[in-house]
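Colleague: I have a structure open and I am new to this. Could you show me how to read its features?

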Amino acid sequence: MRYVDRNTGLLIENTDLPLFEGTATDNDLREALSKCILSASGWRAVMTASGDEEDRKEDVSEAMLLIAAAAAASFVDYLNAEKPRIIMGSDARPTGRLLSQAVRRAFIAKGAILDDIFISSAPEIMAASHRYDGFFYISASHNPIGHNGYKFGIAGGVLNKAEIDKVIPQFKKMVEEDGAAEKLRALVQSADDDTLNDVLKRHNRAKANALASYKAFVMRTAKVQEPYKLPFGIAIDFNGSARAASIDKGFLRSHGAAIWTINAEPGEIAHAIVPEGENLKYVRSSLEAVHKNDSSFILGYMPDNDGDRGNFVYTDKHGKAHILSAQTVFALVAVIELSYDVMRGKKKIAIAVNGPTSLLIDDIARKLGAAVFRSDIGEANVVSLSDRLRNDGYTCRICGEGSNGGNITYPAKVRDPMNSLLTFSKLWSVEGLYSFIMEKLGKKSDAEPSLYSVVSALPRYITTSAFSSDAVMHIKSTDYNKLKVAYEDILMYEGNGRMPDSFARWEVRQYEGSDEEIGIGTEHRTADSTGGLKVQFYDNADKACGYLWLSKSRTEPVIRTMVDIKGNDKKLHDTLLLWQREMVKRADDRTLNS
């Protein structure tokens with residue numbers, strides 16, 4: 001029988017067709033597993049049968065389908081509950097439909113009570129998950145179209161590193177043991193047909209309930225009450241993402257916003273997925289064009305495929321549209337929400353960010369009397385840190401990874417462009433907030449609030465984009481701890497000699513999970529040493545004024561390097577980035593030859 005999603009008109013499943021042919025072997029599973037990256041940020045791999053990360057076909061190898069079933073089964077085992085209630089969904093990638101079929105059957109075979117909401121945004125499924133024992137989401141976030149993977153968790157957030165490390169061994173054992181292919185095939189094929197049909201029949205009701213839960217959660221997170229108006233027009237490049245099947249269009253219109261959309265059908269992936277840099281040129285052009293006819297259109301955004309990240313464009317007073325960097329988006333949210341808390345008389349205000357978030361945040365926080373705390377990269381790490389800060393008596397409503405854009409606003413545990421939009425709207429809706437922000441930033445207010453005047457008032461920083469080619473290094477060594485030891489040795493030898501004259505000193509800061517430590521050496525990091533490392537520079541007044549960043553990607557087989565400096569000296573930024581990349585390359589060579 002064919003089951004179709006009422007929301008999009010897309011096929012969910014034809015139960016009359018077999019899922020696979022039954023030819024995958026144990027060796028096929030082990031080879032497929034070797035291509036998977038497993039971390040708290042998500043389990044990911046190229047899932048297309050061709051192995052091409054840019055392949056737009058929906059074909060998935062049987063080995064990857066069985067691995068999907070194993071991921072679902074290991075999550076049920078982790079929940080350790082009789083008949084756990086689970087909500088599942090996927091982003092809009094072509095491979096999601098077949099992977100969902102394998103996951104759906106594995107959950108049913110393991111005795112879970114399942115709701116499947118099909119194509120859905122990550123913030124949507126996580127908001128809805130508060131009514132379930134857990135959620136399972138099929139997505140590769142911002143990775144290229146041929147990738148896919150899994151995020152899962154409880155109570156609205158993905159499992160942190162400590163918890164995901166409990167799942168990974170059981171999952172790998174399930175895939176690597178002798179006879180794994182036959183056992184996993186038997187698991188998938190043992191799913192009860194009547195139960196499967198019941199899950200598919202109630203899909204549309206489950207989806208409607210999830211959308212309703214998400215709308216209510218967005219309003220509660222924003223700390224605003226109905227009636228609430230968005231007093232501007234918004235251009236949206238959905239780029240075929242899961243947000244095209246979520247609340248955006250109806251929610252924004254219901255709160256007074258005019259909207260203009262392009263690439264607005266789920267799966268209509270028209271260009272590169274990551275919402276960074278030139279990928280925002282399409283929504284920038286759309287915003288400029290529609291602004292000429294309707295000057296209320298001042299904002300635009302583009303989400304990634306699972307819809308948790310959304311970066312923005314805005315118009316200046318001349319109607320020209322500009323792309324906001326990920327760091328600037330986060331800084332805008334920070335200055336607005338921290339100022340909002342100060343104006344409301346909140347005490348002991350803090351913000352939790354990841355290591356490579358620009359020092360612009362520290363600059364803003366100083367002006368508002370707020371404290372900044374840092375974790376390692378990974379959404380789960382900043383969420384854990386913000387939880388800890390609230391337990392310690394801090395007012396910490398905003399956390400996030402400024403290096404990736406977007407914000408996580410308590411009680412949400414995931415980034416969401418809807419939260420960013422409602423934050424921006426406070427410039428108009430909260431009396432006195434705009435003038436308060438401009439005063440704190442040392443700038444004169446315009447007669448009417450404007451986003452571009454706040455952007456112009458922010459302190460100037462130059463920061464390497466986390467997704468630029470300059471930030472990515474492919475290295476050969478696989479022992480990350482040895483690489484760091486070699487890097488630190490090189491830094492100790494030449495750090496003072498090559499440090500710019502405008503800097504007074506430097507120190508090393510290391511990040512593991514939600515913790516930050518100052519110091520060089522293995523005693524400041526875990527045995528596997530997978531956390532980030534920052535070389536932080538200070539000026540003559542002993543204020544932090546820049547950094548070098550080094551980290552191993554959790555979701556791609558690369559090293560990320562970045563530079564952040566205060567001011568507008570692009571030449572200085574480029575010089576520091578070249579130095580950083582040279583040190584990493586030499587550390588890699590030394591590690592390979594040791």
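Predicted model: local features only at pLDDT ≥ 70, side-chain atom pairs only at ≥ 80, totals over all residues.

Colleague: Let us start with helices. What describes a packed pair?

Modeller: Two packed helices are described by the angle between their axes and the distance between the axes. Take helix α11, residues 326-343, and helix α12, residues 360-368. Their axes come within 10 Å and cross at roughly 15°.

Colleague: How are α11 and α12 oriented to each other?

Modeller: Angles under 35 degrees count as roughly parallel. Therefore α11 and α12 are roughly parallel to each other. Their crossing is right-handed.

Colleague: Which residues of α11 and α12 meet?

Modeller: From α11, look at F330, A331, A334, V335, L338, S339 and V342. They meet L360, I361, I364 and L368 in α12. Sorted by class, this contact has 10 nonpolar residues, 1 polar and no charged ones.

Colleague: Now a pair at another angle. At what angle do the axes of α1 and α2 cross?

Modeller: The axes of helix α1, residues 26-34, and α2 cross at roughly 75°. They come within 9 Å. That makes α1 roughly perpendicular to α2.

Colleague: What does each helix bring to that contact?

Modeller: α1 brings D28, L29, A32 and L33, and α2 brings A63, M64, L66 and I67. By class, the contact of α1 with α2 has 7 nonpolar, no polar and 1 charged residues.

Colleague: And α17 with α18: at what angle do they pack?

Modeller: Helix α17 covers residues 480-498, and helix α18 covers residues 570-593. They pack at about 135°, with their axes 8 Å apart. α17 and α18 are therefore oblique to each other. The crossing is right-handed.

Colleague: Which residues make that contact?

Modeller: Among them are K482, L483, Y487 and D489 of α17, and W579, E582, R586 and D588 of α18. The residues of this contact divide into 9 nonpolar, 3 polar and 8 charged.

Colleague: Next, the cores. Which residues touch the most other members of the largest nonpolar core?

Modeller: That core has 77 residues. L29, W43, F107, F136, Y150 and F152 touch the most other members. Helix α2, residues 62-79, gives the largest share of this core, 14 residues.

Colleague: Let me zoom in on W43. What does W43 touch?

Modeller: Leave out residues up to four places away in sequence. Then the residues that W43 touches include I37, L38, A71, Y150, F152, I164 and F171. There is also a second, separate core of 75 residues. Its members include I351, I364, A370 and L427.

Colleague: Which residues of helix α15 are buried?

Modeller: In α15, residues 433-440, the buried ones are L433, Y434, F436, I437 and M438. Their cover includes α11, α12, α14 and α16.

Colleague: Where do K83 and F118 lie?

Modeller: K83 is in the loop between α2 and β4. F118 is in strand β5, residues 113-119. K83 is exposed, with a relative accessible area of 52%. F118 counts as buried, at 5% relative accessibility.

Colleague: What about the residue G442 after α15?

Modeller: G442 follows α15 and has a positive phi, near 75°.

Colleague: And which peptide bonds are cis?

Modeller: P227 lies in the loop between α8 and β9. Another cis bond runs from Y410 to P411, with omega near 10°. P411 is in the loop between β17 and α14.

Methods. Residues numbered from 1 in each chain as written. Heavy atoms only, no water. Axes fitted to C-alpha atoms, helices over the stretch in contact; angles between N-to-C directions. Helix = DSSP H or I, 4+ residues; strand = E, 2+ residues; numbered from the N terminus. Parallel < 35°, antiparallel > 145°, perpendicular 65-115°, else oblique. Left-handed = near helix turned anticlockwise from the far one by under 90°. Contact = heavy atoms within 4.5 Å. Nonpolar A, V, L, I, M, F, W, Y, C, P; charged D, E, K, R; others polar. Core = buried A, V, L, I, M, F, W, Y, C linked by side-chain atoms within 4.5 Å. Buried < 20%, exposed > 50% of the residue type's maximum accessible area, 1.4 Å probe, protein only.
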